[in-house]
Amino acid sequence: MARGPLQHLRNFSIVAHIDHGKSTLADRILEITGLVRAGDHADQMLDDMDLERERGITIKARAVCLHYPKDGVEYVLNLIDTPGHVDFTYEVSRSLAACEGAILLVDATQGVEAQTVANAYLAIEAGLDIVPVLNKVDVSTANTQRALEEMRTVLGIDPATVLWASGKTGLGVREVIDAVIARVRPPDGDPAAPLKALLFDAVYDTYRGVIIYVRLIDGELRPKMHIRLLGAKAEYEVLEVGVLRPAHEPGTRLRAGESGYVVANIKALGDVRIGDTVVEADRAEGVVALPGYREPKPMVYCGLYPTYPKDYENLRKALDTLALNDASFTYVPETSEALGFGFRCGFLGLLHMEVVQERLERDADLDLVQTAPNVTYEILRTDGATTRVEKPSDIPESNFIAEFREPIARCNLILPAEHIGALMTICQDKRGRYVRTEYLSPERVMLVYDLPLGEIVFDFYDMLKSATRGYGTLDYEIKGYEAADLVRLRMLVNAQEVDALSMVCHRDEAERRGRRILKRLRKAIPRHLFSVPLQAAIGGKIVARETIAPLRKDVLAKCYGGDITRKRKLLEKQKKGKKRMKQVGSVEIPQEAFLSVLGSDGEEEENE
Amino acid sequence: MPVDHLYVHVPFCASKCPYCDFNSHAGRDGEVPAYVEALVAEARARARDVAPATVFVGGGTPTWPSAEAIDRMLDGVMSAVTTSRLTEVTVEANPGTLTPEKVRVLRRHGVTRVSLGAQSFDERRLRVLGRAHDARDTVRSVEVLRDGGVERVSLDLILATPGQSVGEQRRDVARAVALGPEHVSTYVLTFEEGTAFTKSLEEGRLEAPIEGRDLAHLRAACEDLAAAGYRRYEVSNHAKPGAECRHNLGYWRNAQWLGLGAGAHSHVGGRRWKNVDDPAAYAARVAAAGEAVAWEEQPAPRSALFESLMMGLRLVDEGVDLAALAARHGVDPRVEHRDAIERHVVAGRLERDGDRLRCTPAGIDVLNAVLVDFVPDEDDARG
Ligand SMILES: Nc1nc2c(ncn2[C@@H]2O[C@H](COP(=O)(O)OP(=O)(O)OP(=O)(O)O)[C@@H](O)[C@H]2O)c(=O)[nH]1
Ligand code: SF4
Ligand SMILES: [Mg+2]
């Protein structure tokens, strides 16, 4: 049983599927607890990164400390708003480890979706007290009965315990807070014991270095204390501690059960490991490290190259800066014959990749060429060695490969039951292995499949969305690597291999995919003064070919006195476009062409 | 360098052709008198020191206004400049707008050359092109011009009109040649932004041009005209020996000229400027300020050199004189563009003969793609 003031403390996260209204509900809670005045601020105020605001999504979990008087007692609530997208699931796991409870939100207009299930299980497995809330009940199309039914079927939640709320109108939000106080247990901890704290997040601040976010299990944290990070085996002196409201508010100490930030002269994010245990340097003896978390591993890779070679150094600097604040993203220099000097970057998923690229292009004002993303493969060589391969051009010749393995994802697909046939066909086409079907309600079903991650990255997600009219959702988890009959498909432009265009696919798919990519390349590469053959090959064997016919007429019919400036500008623009292209041999390839290998669109298939 | 050329713009037409993106307007004839006064005023204010070798009155349709208006305009403009050096005075005209009276007016003011917008002799093509005349009008116009004593007649033809076959075009060219013009201009139809044709194309009401078709049309026209004794001296222009348009040669040689009228461009002393486009706005500006400049620029030496190359390489046999360009622009193309010249010479698109550089027949068809390699880098364009 908690002692003293811990009785009045609650640590909880808000978890849900994407867009079910976590951040909006957090806004209302911030208002009710008086941290902000209604109408005083932008919507989703915890989403304060530019990209979050633009895209209307949460990317980074955000903690905030609130005061809430009730029945003559001042409660302290530590709320963490989490992201809903599958790429950022690790943010949810981190947050949950710092909490005793979680509000599980379900959008009443959508019902239970893939990340609802995934995040609910994360919370249940972490042993948290769950406060189920049906959100958006203000919307006329809300199907509350169906949503309740699904919550019961899939998650075993008794409909009688579900609160009804609207983060938009504020309806039922006070009741949600009251339920958190009533149903979530206060933290358990001993303020007098030696310090033991979970490092659950860290950010880099240009002026203050690394700021770590900690949840204290036992003991106290005060300025001037000497702390040790158990895993990193490093020691620091604490300069400042405080709470997030949501800006840093310095205090005199943090106590067992509480969460807050610590400034301690830590230089680089690389020096800290999220999930590490923080102890007092002098009282470390006998303190058992917390279990920590599995570090997120990049699963999707792509090459990023500056359009103009002179920007290479700027790109490197921008990547350095970005990595300071995003430990889940990796990059190493690489060279491509086609694209020159650049970096191979690893991401948690496609959204993560998009977000990083956008930040680079915007914040650092860089013009980039991106290669199509690929997953990491494992290759068992004939000499018995196993290697991980992060780019297709590193794949050895087939006679050196004993086994070619690809990552397999266990996928939970939630969709309207009427589309189940269509989706099963797609999964089959994508080399999926059927696991099981579960009905959430008569109209909705959860399909479980094991699918190659490479197929998910390629175009599965788009196909899922179009086959289910946008209602299908996907959550996945990497299960491991499995051998498959994979090949490296090489692309040759004007008889020269373009490394940045090669890809890995299943042997049976190679010809079809090759043909499709060449068709796109033919459209993406402008005509040259000579004809440009395009070929797709496995090893030395050509499996598909196309030709870009030469440019035969390109001259302005009329050019007189009045036209000169205009025509000059036209040619200047053409030249500028040409300069942005990448030169492979004597062929100029525009940036977009490097993404031709990516995905499918139905239209093209039909035209064939 | 003296200002050798004077251009005068008349932006009025009987109707607006659906492919036309020139500064021309139909149904605004009420503005003609004020416009003519503005032209005369602009000529007096700006052309007083000019002694042009050529004058070109273009449009629009300069022969669309009444004989009185044309008279007043030519009188005002010609009396504003020094005419002692004149060797060529061209007026653009459209079939159906020429009367013996108007031709007399033209002759009285020294017009030596009329460029007639025949476009085609096939009634169906003329309808597709939305032209206000028929083939008989063209024949009659040529007669009226010859009867009136105009020495030189040029005919404009549009090639590769939607629906036109190469054979049909050959008949068009034959009919044009039969009228005995000294000069023929052939323009492959292009779809310009903002025209009715482009809109029809986008909306699928006009068939999209087939790849390579325009080249076949262009080649056929060049062949037929060459066989009839017309030398192709510029991408789209063919002339009997000595009958080249001297005024347009001035543009292609990147000479100096003064432009009068709405939307007219000028190039004097390395400066380029343009008048306001709208005829009424132009007239109001001239009335108020004696000029109507909308924008101006002074291209940097490398850009100016590029302009000289861009225009000069259009001249089929003449091409450009690299040494002369180096002297003129202070940037030597033989150094600046050594690689590009070499590459295109080797590929058979350019031909170099000492300091003379010109396009080969293969090169002229892809001149844009060749020219792109001569565009100065942005960073040193200013230098
Ligand atoms: N009508 C209605 N709309 C809501 C409600 N709550 C949220 N929304 C809207 O739903 C959209 C998503 O809301 P967010 O709060 O950003 O959702 P989120 O769960 O934080 O999304 P992620 O962080 O990207 O996973 C926004 O357009 C909100 O305005 C609600 O109760 N009623
Ligand atoms: S007559 Fe000539 S200027 Fe007038 S609208 Fe037709 S094409 Fe244009
Ligand atoms: Mg959010």
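This report walks through a ligand shell, a chain contact, a helix and a sheet in a predicted model.

**Around the ligand.** Ligand 1 has 21 residues around it, and those that come nearest are G21(A), S23(A), I57(A), T58(A) and G84(A). Helix α1 (residues 22–32) of chain A gives the most to this shell, with three residues.

**Where the chains meet.** The contact takes 22 residues from chain A and 32 residues from chain B.

**A helix in chain B.** Let us turn to helix α3 (residues 100–108) of chain B, where K102(B), V103(B), V105(B) and L106(B) are buried. Seen down the axis of α3(B), these buried residues fall within an arc of 155°, so they line one face of the helix. Their cover includes α2 (67–80), β5 (88–93) and α5 (135–147) of chain B. After α3(B) comes G110(B), with a positive phi near 90°.

**A sheet in chain A.** Eight strands of chain A form an open sheet with antiparallel pairing, in the order β11-β10-β16-β7-β8-β15-β12-β13. At its edges are β11 (234–237) and β13 (248–251) of chain A, each pairing on one side only. On average, neighbouring strands of this sheet are turned by 40° against each other, direction ignored. Within the sheet, β10 (residues 226–229) and β16 (residues 277–280) of chain A run antiparallel and are joined by three bridges. For R228(A), the bridge partner in β16(A) is V279(A).

How values were computed: Residues are numbered from 1 along each chain as its sequence is written. Chains are lettered from A and ligands numbered from 1 in the order in which they are written. This is a predicted model: local features need pLDDT of at least 70, side-chain atom pairs count only at pLDDT 80 or more; totals for chains, interfaces and linings use all residues. A residue is near a molecule or strand if its C-beta atom, placed from the backbone, lies within 6 Å of it. Helices (H or I, at least four residues) and strands (E, at least two) are DSSP runs, numbered from the N terminus. Two residues are in contact if their C-beta atoms, placed from the backbone, lie within 7 Å. A residue is buried if 20 or more other C-beta atoms lie within 10 Å of its own, exposed if 12 or fewer, and partly exposed in between; C-beta atoms are placed from the backbone. The arc is that of the directions from the helix axis to the C-beta atoms. Two strands pair if DSSP finds at least two bridges between them. Axes are lines fitted to C-alpha atoms, for helices over the stretch in contact, and angles run from 0 to 180 degrees between N-to-C directions.
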